[in-house]
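Have a look at the fold first, then read on.

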Amino acid sequence: MSTQLSQIAKRAKLDRKARFTSLAHLLTPEFLKETWGKMNRRAAGGVDGQSAEQFGSELETQVEAICTQLKEGTYHAPPVRRVEIPKGPGKVGTRPLGIPTVADRLLQRAVARILEAVFEADFLDCSYGFRPGRNPHHALQALRVQIVTKKVGQVFEADIRSYFTRINRQWLRKMVAHRIADPVILSFQFRQDADHFQQKVRERFAEFGLELAEEKTRRILFGRFAGVTCLRHGLGRPATFEFLGFKHVCGVDRAGRFALIRIPSVKSCRKFLARTREWILHNRHWRRWEQQEHLTKMLRGFYQYFGLHHCERKLNWVRQQVQRQWISALNRRGQRRRTNWTRLKDRPWFKLPFAQNLHPMV
């Protein structure tokens, strides 16, 4: 974080009621170039057809032009290129995606950095979404501590229906500091507390023209006491829920004590295997060592996120499915004798990495 942003963040933390009336002066060519270094430069281009590579080759000229327009008050955000992307494996239809131009994306990111410095102090410690210095593993760790060590008997999960298309822009301008995270998981000890919270959330959202997605919102028995309660009332096993790509299950450890079991969700595995299958089919004519190298990178990236305790078995199943996809693609390469698992399992070029617990503290 730059010195000026650090000073703003410090002031905002010390005085929660402070109002910053002049921040536009921070949008200098130097600040934009610094922001450019923090951006993903592999994203697609916008309506002007300019790629990130082209923009970067003219970075000095581009940022000077943006700053000049900002100072003169002539900058207008160009139209956003709209594309339809598939909703994902197992889902029907598409969802709209807006792709701004590279220049506008740079300016948006620069403004977002300034807003983060101003409003970061307003967020509660239990908020993790899109905050600097925080990631999904931090949220998973906090949720685990809450469920395992606290008197949790109810879990409430909620999702906002079509948030970005329903949000009231006037309210958004008035309440920039009040960001709404989507989705949300909360834990309670008693059922009545969870029901009361749900009712208050509905009323609060209605004030801003929002509503909960009923098909993704529910209250379930979960936690240390859920198993006993379900057994007492003949409800079978406690329900499960998904959060940040993991399926959360009530279980026990080797000593018979309550344990929170987290494994990659079916949706997460299906989505990853769809990516590997598509890559293998499109590149089945690569040399085998090159295919092994790329598939190893894909699996390690998957393991890097999902490599938690209890996940090894599921992750190694995913590894095996990737090898099966690979065998299928190899058998399509020509009219030679079809290969099989027995013939390939000991070949050095066919070996893929096994999963490990990469985050023992999460």
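A residue counts as buried under 20% relative accessible area, as exposed over 50%, and as partly exposed in between. Keep in mind that this is a predicted model. Asp 195 has a relative accessible area of 31%, so it's partly exposed. You'll find Asp 195 in helix α9, which covers residues 191-207. Along the chain, Asp 195 and Phe 156 are 39 residues apart, and their C-alpha atoms are separated by 8.9 Å.

Now for the helix pair. Helices α2 and α4 pack with their axes 9 Å apart, at an angle of about 125°. That angle makes α2 oblique to α4. As for handedness, α2 and α4 cross in the right-handed sense. On the α2 side, the contact is made by Pro 29, Leu 32, Lys 33 and Trp 36. The α4 side brings in Leu 59, Glu 60, Val 63, Glu 64, Ile 66 and Cys 67. Sort the residues of this contact by type and you get seven nonpolar, three charged and no polar.

On to the sheet, which is open and has three strands in the order β6-β7-β8, paired antiparallel. β6 and β8 each have a single partner strand, so one side of each lacks a neighbour in the sheet. From one strand to the next, the twist averages 40°.

| Strand | Residues |
|---|---|
| β6 | 241-243 |
| β7 | 246-252 |
| β8 | 258-264 |

How many bridges join β6 and β7? The two strands pair over three bridges, in the antiparallel sense. Across from Phe 243 stands Phe 246 in β7.

Key
Residues are numbered from 1 along each chain as its sequence is written. This is a predicted model: local features need pLDDT of at least 70, side-chain atom pairs count only at pLDDT 80 or more; totals for chains, interfaces and linings use all residues. Side-chain values use heavy atoms; hydrogens and water are left out. Helices (H or I, at least four residues) and strands (E, at least two) are DSSP runs, numbered from the N terminus. Buried means under 20% relative accessible area, exposed over 50%, partly exposed in between (1.4 Å probe, protein chains only). Axes are lines fitted to C-alpha atoms, for helices over the stretch in contact, and angles run from 0 to 180 degrees between N-to-C directions. Angles under 35 degrees count as roughly parallel, over 145 as roughly antiparallel, 65 to 115 as roughly perpendicular and the rest as oblique. A crossing is left-handed if the near helix is turned anticlockwise from the far one by less than a right angle, and right-handed if clockwise. Contact means heavy atoms within 4.5 Å. Ala, Val, Leu, Ile, Met, Phe, Trp, Tyr, Cys and Pro count as nonpolar, Asp, Glu, Lys and Arg as charged, and the others, Gly among them, as polar. Two strands pair if DSSP finds at least two bridges between them.
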